[in-house]
Each structure stands twice: as C-alpha cells, then as structure tokens.
Amino acid sequence: MKRKKMAALGMAAVMTLSSLAAGCGGTDKGGSSSASGTAAEGKKDVVTALLPPVSATYQDKINTYIEDFNKENPDIEIKVTTASWEDVTQKLDVQVNAGSPPDIAFIGSSGVTKYLDTDMAVDISKYLEEDQINDFDENVLNYFKNQEGLYGLPAYCEIQCIGGNRELLETAGIDWKAVQKDGWTYDEFREAIKKGVVKEGDQIKTYGFLFACAGVTAKDYFGIFVKNAGMPEAFDKDLKYAYTSKQMLTFLEDLRALIDDGSMPKELGSIDAGKRWNMMLTGQTMITGKGLSSFEKSAYENTEKLKNNDGSAVEGSIPVEYVVLPVPVFEGGNQQAQGAVDGYICLTGEKNPDEQHLKNVAKVAYYLASSERAAQTCQELYLKPVCESGRTAYEKLPPIENKNEDNTKAVESLTTQIAEARPDIPADKGAAAIKIQDEVIMPKFQGLLAGEVTPEEMYQAIVDAGHAAFGEAGCVSDES
Amino acid sequence: MKKMKKEAMWAYVFILVPLCTFIVFTLYPVISAAVISFQKYRPLGSEWVGLDNYINTFKNGLFYKALKNTLVYSIITVPVSMLLSFMISIMILPFRKKLQSVFKAAFYLPAIASGVALSFVWKWIYDPLPSGLLNNVVKVFGLSNQNWLGSQKTAMLSLIIMAVFAGLGQNIIIYTAALLGIDSTYYEAADIDGATFFQKVRYVVWPIVKPTTVFLTITGVINGFQSFQNAYLMTGGGPDNATTMAGLLIFNRAFTYFEYGEACAQALILAAIIAVFAVLQFKLSSGDVEY
C-alpha cells in the first residue's frame, strides 16, 4: 500500500513538474543558435535556418548543401528545420513573437517590413563582401532592402502573370506569340477573351479568362493587374498614396466589365487556386491566372499522364500546352511584370549574437542563395537565377527537356519588366498601406467581383481610407 | 484526525496537478493578455500605451461590423440548432436503445470529424459553379445558380447552415440524456388527463428539460461568439467583411499585423460582452429552473 502511495506521489510530482516545464519552456529559445556565436573557443557557431520546400526536391537536396558547407567551413554548423509552405509562416511568426527566431528564414520579400517592425530583421549589408552583394541583380536585390538596410538575399524572382491553353488560343484566333513578344492592351485582351468563350446551349463550357479569387487570392488578381494600370506601387515616387488616383476607378470598371461581358465566371470570388488550375486542365478556361512559368511543367506532366493512361491524371482533363502570357496594359499604364521575389531573410532575437555570428549568418544566407543552389532551384521552377554565380552554374546544368522555348523567351522578357522595388517606402507607411489593402481594398474587391459593390463605391472607400491614413495631402489627387 | 489530515494531504497533491495546469495554461495567458492589452507588444521590449489599444478598437468600424456579424451568427445559429436538436431528440426517443444509439452516433459524427475536413466538404457543397452540389439541388426547385460563399446575400447564411448541421450532434446527445431522465409517471399522468403529443411536449417535457436548455443556450452563445474556424476556412471573412466574426478579426489583428496589444484588447472586450450575455441569459431564462 505504501509503495502504491509512493508511486502515486511520484507520478503526481512528475506530472506537475512536466506541466510547469511545458508552460515555462522558454529558456531554450526554441533550440535556436548559440547566442554568442563563437563565444566558446573551439566550439562551432550554429546557424539555424527555417526552410519550406522551395522547389520539388529542395528539401532533399538541402542536406547535401549543408554537408558541403559544413565541410568547407569547420567553424560553422548549419542546422535546418524544414516546414511545409502551409506551416512555414506560422512557425516563423511564433518563433519571432517568442523572441527567438531562426537566424535565416525563407520568406517572400513582401514580408520584410513585417519583420522589420519587430526589430528582429538584421541588416546584413555590413556583413557581406561587396562582390557577394554585387552578385545579385540590383532591382531584385532591392526587394530585400528597406531604406538603406539589406535584410535578406533573393533565391529567385518568379514572374506572376497569366497563361493560356495553346490550342484554345489558336482556335480563338489569338496570335499568342505576338502577345508574348509585344504584350497587349486591355481592349485587345477583352476582345480576345470574349472570343475564347464557348457555349453549349445556355451553359458556358469554356470561359475566356479565369483568375483564382477566393478569399485572399483576390489580392493577387488586384495586385498583379494594378501594376499595369499606372500604379505599380501603393505609393508614387513622392511617397503619396497612389490608389486614390482616378486611374483606380477606370481600372476597377475595366475589371468588372470582364465579368459583365461573360468572359469570366460571375462566381469568380469563390474560385480558389486549385479549382482554377483544375478548370484550366479540363478545358473550362482558355486563359488562367495567376500563371507561373512552372505551370508549363505541371501541364506537360498531366498531358504525359493522359498519354500513358495514368490514372493519376486530373479527372476529365485534356492535353494542355501551357503558354505564358503577359498581363494586359490598362489605360494610363505601362507594361510591367509582377515579380514574386522570395529568399532568405536574416533575423536575430533575444540572444544578442556577436558580430562574428552575424557575419556567419550572412555567409550562410549568401551560400544558400547563390551558385549551384540558386541554379538548381531556379531550373526546377523554370526560372533563370537572379545572381551571376547562379547563372554561371545554371549554364553547366543539363538543359530541361521538352521546354517550350517561346515560354522561356517570354519569361526572360517579363523578368526585365519587373516592377521596380521600392525600398524608399518607410516601413510605417508600407504597413498602413497593407492595412488599407486588407481591410478596405480586398473586402470591397470581393464585393466588386460578386457584383454587389460598384466600382464607384469601392473607389470612394479607398479614397476615404487613404485620406484617413495619410491625409489628403499624402494621397494622389488627379485634380491637383 | 491524523487519518483525515493524511487524506486531505493526498487530496491536495492530486488537486495540485490540475491546479498548476490551470494556472500555467489558463490563468497566466488571461492575465498576460490583460497586461499586453495596455502595451504596444514587441518581442524585444514592449512599451506601455495606456488605453490606446482600447481607444483604437472602439474607433474601428470593422470591430462593430464584426460584432454585429457575430451577434447575427449566434442569434440564428443557437436557437435553430437547439430547436432542431430538441425535435430530433424527441423523434429518436421512442426507438429501441440500439436504434437510438445509431441515430445519436450518426448525428454526432460531425462533432468528431476534423473541422478542416468538414470545411473542405462544405466548400464542395457550396461550389459556386452550376456543377456544385447545392446548386444542383436548388436547380430542381427552379432556382437559379447561387454564389453561396461569394455573395454578401448568402455567405453568412451558408456559414450558419454549416454550423447548425455540424453542431447538432452534441445538443442531441445532451437533450436525449435529459429526455431519458424524465420519469415515465409524468407521461402516464398526462395520458390520464388526455393530453395530446404536443401538449405533453409543451407542458411536461419542455419545463423539465429547461435546465438543459439554459445550459445549451449559454454554452451555445459562448461558442457562437468565439466562432472563428468556419469563417477563416470558408470565406476568410469576405465578401466585403460580410462574414468577418470577432474571432477572425482578433486573429487577423494578432497574426497578420502583429498588433498583439490591440488583439488582446479586442479579445478582452469580447470576453466582457460574452460574460454580460451569459449573465443576462442566466438571469432571464433560469428563474424557475431548479438544479
């Protein structure tokens, strides 16, 4: 009996201690890197990284990359935590808010201001050699800059555009090669997608154009298209809020017209990215968005599956040859491309690392973003590397088989048209613009797509929000 | 006396575990949230901002819209769900025990299924294209294709329908248990008095299960006010914030904008509103309830 009581008491003590330990488990700082870098002599400096599956085989290759690096740099050890695309932001945010982020994390450059605001982003410009900084294409590198600081290095620049089904485009009489080369105006695009509509009785069998707009994906439709409507950024060069310009109203009317024409489904606001791609592969749309160059690979693989009677091909799908297309240019706009620049941001936390550790972090970030790593990653994503060392390594890789050369040229051309990065926008202004986008523009845009908010109402809501946040003098006014 | 002391000691030891868990995982977060609501929270050093977070919250029009949405959602979901549960429980009651269990298990199934999985299925049901399941059903009745989650007219209703069906099981189990606890002599007496089925429900069953109804109303309203998952997964709060609930607003404030101070302030205001509602309901509907 006594033994039983002792065991029960022991168990209770263990449970109490373990619950306390779980609750107070902040002292380890999430197993992050050694706080003092090379503080203890002879000890390796551990650099931690949180990485998503950047490309299909990236997380498999990363171990080899690390092994190679650790061999060449015996005083540094890279420790990688992998996460899915779905989890990576949440994981990073939790660690940031606990004050113990990884030294390096893979994020989209649009997130730089978010982490800058936490005072945890590290300006690595002073820890990198000049030739390392010069290795990267300037405009792409600028996406990781804010004011004078450089907070990360780009892994690639993905062109976010639209893409079409070659056969359907040709059936509709659209000279897609000319469009790839010269672009198209909004009016040309509008006429083209009208021609792409195929009806069976009253039912539309094929839409001319479809963009995934369910929930937050509507942000992409707005963001990608507005670049070609004379508003490449939320702020103009004078740092005035640009979306209050009358051009916005014309732009919104134009987007609504595409639905009213019947070229796009009126249920656009409920179509998510998966469904959009499924509709592309099943021939329910001629042009889809957003389009990425890697979709060519995806379409090709599905077509191969169909040829081989592979049951894993998308149900009801047809052979599709994917054609990269630029976004049309709206009145008052110039041809520009939306570049999604993702890469390695450098962070610090409560651990107060020494200068040597930060130098090591910058070294690891450069290693991951450059040469063979950049080349292999970009090749898998059907992109050209954005650094010289990456391009050199890319040339040595075996060429991709069955690649559509017209698409390659189109993507290269679009890469040169990427909207200019805007490191001059102060973080607080950027954050205020993001808030307007999330709390005013996107909700109203969803209403606009559903036909329940007029372009005028949406425009007025943007103007009101812009004036409230930046003052009338801080917003673009066409009258002035 | 010595034995009593020893027994008490063991009681305290075993109470200590849940007490510590409660302190660490419930009390500490609540107190922390209250403290953070007066700060501009930053991981590397927060600063005190007094009542700024509360003032910003009360100035934010979206906060009121989210509260209104939450109220509408709760006010419709809770009574509809309870009425349906009550009716289904009464219909289940006459069956043999085994058949009763089959029905109870069937209705309870959504409660044990993952909310995320359920959302995916409901998204398929609400597919906006003419090929969508619900659109095919409404077509039979001669109605036109609806953009269920994409239209302000139907988005909230769609979430309410989903919540009602997903939440029936739990209420049915509790109502059935309460109904089974009614002494058969009450029914016999009602039979002797010549009461009809509906009179029995109105004058015998309903008053006896009132404590259960009060309990389900209060917990239902609390759950309704805290609803987050469905809006987050199904609509993201859209279109035009028609389905932005208070929970989603708080989540976005904290995890999209990193404004933990304001998020904590909003959460505490919501907690206060829930507390007021719970007390009001308790006072209004439990006057003649005996436990």
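Which residues of chains A and B are linked in a network of salt bridges? They are A:Lys435, A:Glu439, B:Arg253, B:Glu259 and B:Glu262. A salt bridge here is a side-chain nitrogen of Lys or Arg within 4 Å of a carboxyl oxygen of Asp or Glu.

Some ground rules. This is a predicted model: local features need pLDDT of at least 70, side-chain atom pairs count only at pLDDT 80 or more, and totals for chains, interfaces and linings use all residues. Residues are numbered from 1 along each chain as its sequence is written, chains are lettered from A and ligands numbered from 1 in the order in which they are written, and side-chain values use heavy atoms, leaving out hydrogens and water.

Chain B, then. It has 13 helices and two strands. Those are DSSP runs, numbered from the N terminus: helices are H or I with at least four residues, strands are E with at least two. The C-alpha trace of chain B spans about 80 × 75 × 35 Å along its principal axes.

Of the 291 residues in chain B, 42% are buried. Buried means under 20% relative accessible area, exposed means over 50%, and partly exposed is in between, with a 1.4 Å probe and protein chains only. Now contacts, meaning heavy atoms within 4.5 Å. Take those in chain B with a separation of 6 or more: 67% of them join residues 24 or more positions apart.

The surface next. Chain B exposes about 16200 Å², and carbon and sulfur atoms supply 71% of that. The areas are Shrake-Rupley values with a 1.4 Å probe; for residues, only the protein chains shown count as cover.

Charges. Chain B carries 21 positive and 13 negative side chains. Lys and Arg count as positive, Asp and Glu as negative; His and the chain ends are not counted. The centres of the two sets lie 6 Å apart, with each charge placed at NZ of Lys, CZ of Arg, CG of Asp or CD of Glu.

On to the interface. The size of an interface is often given as the accessible area lost when the parts come together. Between chain B and chain A, about 3400 Å² is buried, and carbon and sulfur atoms give 59% of it. That is the accessible area, 1.4 Å probe, that two parts lose on being put together, summed over both. B:Leu44, B:Leu129 and B:Phe258 supply 18% of what chain B buries against chain A, more than any other three residues. The contact takes 38 residues from chain B and 42 residues from chain A.

How many salt bridges run between chain B and chain A? Five. One pairs B:Asp240 with A:Lys444, closest N and O atoms 3.2 Å apart. In another, A:Asp117 meets B:Arg42 at 3.0 Å. A:Asp117 sits in the loop between α4 (112-116) and α5 (130-134) of chain A, and B:Arg42 in the loop between β1 (39-40) and β2 (47-48) of chain B. A:Asp117 is partly exposed at 36%, while B:Arg42 is buried at 14%.

Over all chains the count is 27 salt bridges. Two inside chain A are worth a look. A:Asp137 and A:Arg391 meet at 2.8 Å, N to O. A:Asp137 lies in the loop between α5 and α6 (138-142) and A:Arg391 in helix α16 (residues 388-396), so the pair ties together parts 254 residues apart in sequence. Both are partly exposed: A:Asp137 at 27%, A:Arg391 at 22%.

A:Glu372 and A:Arg373 meet at 3.1 Å. A:Glu372 is partly exposed at 42%, whereas A:Arg373 is buried at 9%.
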